[in-house]
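Please look over the structure shown below with attention to its aromatic rings and its nonpolar surface.

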Amino acid sequence: MQKYLTSKNLLLAILVIAFFLRFWGAGSQDLFGDEAADAFRAISYLDFLGTSFQTQPVDWYKNGVLPWWTKLSFHDLPPLAILIMNFFFRILGDSILTARLPAIIAGTLSVYLLYLIVKKLFQDETLALFSALFLAVNSALVWIFRLSMLEPILLFLLLLNIYLFFGFLEDKRKWRLFGITLGLAALTKYTGVFILPVYLIYLFYQSYWTNKSYKTHWIYL
């Protein structure tokens, strides 16, 4: 029995649990609030919310053909999450489950990323597995990663960016991947850029209180 309780198998079991909790029943509950608004925009990839408070290109050109640039107009939010949902709709068709599937996948992969981050930081396999398990079963996070909104994709990209940040500290040649994922986070939701001050504080702390030199990394940031 013990030969099956390897770290690899335990991690796989945690990922299966994470996916099941996020996937189970996701297609049987109606969309609500911003979920419906974001999914509506993603289906046709068109910036139109039908609000009377702010007109849209659809209103301006309602009696003619919409210009090509109207499909690029997402003036109140960045376009990446909408593009991802639009891709899923094109491949799998329009449904509630399809709308939530990007979040479900992002939530499952986020569990794996947290495992990698904790393992890299603390060099402790047990702690990394427990951290992944906590993220997998935490009820609030399960709920978040079942929503067809920007936040699930943003959280996944931030975790990926954090993991690549520590890889960048080990090898400054990896700054491109770190920068690309930070940009993708900003293209998902503008608040993603607020992780930058956290990195700066971390570098400052490591440089001046732990006698580690990260001077070359300051130049890249």
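This is a predicted model: local features need pLDDT of at least 70, side-chain atom pairs count only at pLDDT 80 or more; totals for chains, interfaces and linings use all residues.

## Aromatic pairs

Across the whole structure, a search finds 12 aromatic pairs. In one of them, the ring centres of Phe-32 and Trp-143 are 6.5 Å apart and the planes stand at 20 degrees, so this pair counts as stacked, given that planes under 30 degrees apart fall into that class. Because Phe-32 sits in the loop between helix H1 (7–23) and helix H2 (34–44), while Trp-143 belongs to helix H7 (residues 139–144), the pair ties together parts that are 111 residues apart in sequence. Phe-32 is partly exposed, at a relative accessible area of 43%, and Trp-143 is likewise partly exposed, at 48%.

The rings of Phe-168 and Phe-178 are also stacked, because their centres lie 5.5 Å apart with planes at 5 degrees. This pair links distant parts of the chain, with Phe-168 in helix H8 (residues 150–170) and Phe-178 in helix H9 (residues 175–188), 10 residues apart. Both Phe-168 and Phe-178 are buried.

## Aromatic cluster

Phe-168 and Phe-178 belong to one aromatic cluster, which is formed together with Phe-165, Phe-166, Tyr-199 and Tyr-202.

## Nonpolar surface patch

Ile-17, Phe-20, Leu-21, Trp-24, Phe-130, Leu-133 and Val-137 make a nonpolar surface patch of about 690 Å². H1 and helix H6 (125–137) are the elements that give two or more residues to this patch. Among the patch residues, Phe-20 has its place in helix H1 and is partly exposed, with a relative accessible area of 49%.

Key. Residues are numbered from 1 along each chain as its sequence is written. Side-chain values use heavy atoms; hydrogens and water are left out. Rings of Phe, Tyr and Trp (its six-membered ring) pair if their centres lie within 6.5 Å; planes under 30 degrees apart count as stacked, over 60 as edge-to-face and the rest as tilted. Helices (H or I, at least four residues) and strands (E, at least two) are DSSP runs, numbered from the N terminus. Buried means under 20% relative accessible area, exposed over 50%, partly exposed in between (1.4 Å probe, protein chains only). Patches are made of residues with over 30% relative accessible area and no salt bridge: like charges are joined within 9 Å, nonpolar side chains (Val, Leu, Ile, Met, Phe, Trp, Tyr) within 5 Å. Accessible areas come from the Shrake-Rupley method with a 1.4 Å probe; for residues, only the protein chains shown count as cover. A salt bridge is a side-chain nitrogen of Lys or Arg within 4 Å of a carboxyl oxygen of Asp or Glu.
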